[in-house]
Amino acid sequence: MLILHDPHCAAYGSSLRPEQPARVTRSVAHLGAAHPDWNFSGPTAPVTDDTLLLAHTPTHLQRLAQPRDFDDDTPYFPAIAEHARRAVATAVAAAQHALTRRTPAFSLMRPPGHHATADTAMGFCYLNQIAIAALHAAHSGTAFRSAAPRKVAVWDFDAHHGNGTESILHAHAASGAFFFASVHQAPGYPGTGTRDLGPRTRNWPIAPHTPRGKHMAALRAALDAVVAFAPDLILVSAGFDAYAQDPITAMTLEGEDFATLGHWLAELRDTHGIPAAGILEGGYSADLPLLIDAFLSAWENPLRPA
Ligand SMILES: [Zn+2]
């Protein structure tokens, strides 16, 4: 298992907010102690503006440098644009690793990204690293905009709808290169994701307090839809806030359910040959390190005999 992590990502923010530095520092410390055999990779090469502009507007990139809060959840922090850019660089590197090495990679960074739209920072998110990584992966290593793009699917199991990823990738729906599948609490933040926007832009809204078996069935249906798309690469918006003990949601998943999600990715790798990379989104309980461990450990392991 390759863990991509840049310690700079803990150098902003506050322990008074749910999205806080300890989410990643505690997770990295736990995984390092529990898995000395895993490969932990440090800072990756910076991303260019051209890469960010695959998903975002020039106006948005300028706005990130202006010291005004974006909304109540999404404050301005000094150098937040650089922090967000590091999370993008790491996500792009994780996707490239999965494409070229065909083994799992996980970007363990903050801020998260899946709520950021082309022109708006919101919901703790400033730049949408998974959408950028998807758009980049579709064309990397090909003659840009001339060769047929790779097919890239996003499977988003964060408890919140990946509205930013949805809107950015849906704008490219005509290319046929992208599939978006999100399973999330509804009603819930940000209020979108109550219906499909098209055959390749799919949503599975889940009512608060839905029994975990029913939630897992929706996650499996979403992943089956991803597989039916026959992607060359799956990018996973891995949020761990559908956990029963998460302080900001009302879902019911347990640690073993996140292990099952990892096992499903191992199954796709070993039986369908589809590579995948994961990107940390939400997850605000004190158990976050254990949930990430359960997911990644199951994903790394070769398929268990039935
Ligand atoms: Zn979330």
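Reader: Which residues coordinate the zinc ion, and through which atoms?
Author: Please note that this is a predicted model. The zinc ion is coordinated by D158 through two OD entries, by H160 through ND1 and by D241 through OD, at 2.0 to 2.8 Å.

Reader: What is the geometry of the site of the zinc ion?
Author: The site is irregular, with angles of 52 to 156° among the 4 donor atoms. Four donors count as tetrahedral only if all angles lie between 85 and 135 degrees.

Reader: How are the donor residues spaced in sequence?
Author: The spacing is D-x1-H-x80-D. H160 lies in the loop between β4 (152–156) and α6 (163–170), whereas D241 lies in the loop between β7 (233–238) and α8 (255–272), so the pair ties together parts that are 81 residues apart in sequence.

Reader: Is H160 buried or exposed? And D241, buried or exposed?
Author: H160 counts as buried because its relative accessibility is 10%. D241 is buried as well, with a relative accessible area of 0%.

Reader: Turning to another histidine, where does H56 lie?
Author: H56 is in the loop between α2 (49–52) and α3 (58–63), and it counts as buried at 4% relative accessibility.

Reader: What does the side chain of H56 reach?
Author: The side chain of H56 reaches the backbone oxygen of A118 at 3.2 Å. A polar atom of that side chain also lies 3.0 Å from the backbone nitrogen of N128.

Reader: Which residues does H56 touch, leaving out those up to four places away in sequence?
Author: Among them are L61, A116, T117, Y126, L127, I132 and I168.

Note on methods:
Residues are numbered from 1 along each chain as its sequence is written. This is a predicted model: local features need pLDDT of at least 70, side-chain atom pairs count only at pLDDT 80 or more; totals for chains, interfaces and linings use all residues. Side-chain values use heavy atoms; hydrogens and water are left out. Donors are N, O and S atoms within 2.8 Å of the metal (3.2 Å for Na, K and Ca); water is not among the atoms, so sites may look incomplete. Four donors count as tetrahedral if all angles lie between 85 and 135 degrees; four count as square planar and six as octahedral if opposite donors are over 155 degrees apart and all others between 65 and 115; anything else is irregular. Helices (H or I, at least four residues) and strands (E, at least two) are DSSP runs, numbered from the N terminus. Buried means under 20% relative accessible area, exposed over 50%, partly exposed in between (1.4 Å probe, protein chains only). A polar contact is a pair of N or O atoms within 3.5 Å; within protein, one must be able to donate a hydrogen and the other to accept it, and residues adjacent in sequence count only if both atoms are side-chain atoms. Contact means heavy atoms within 4.5 Å.
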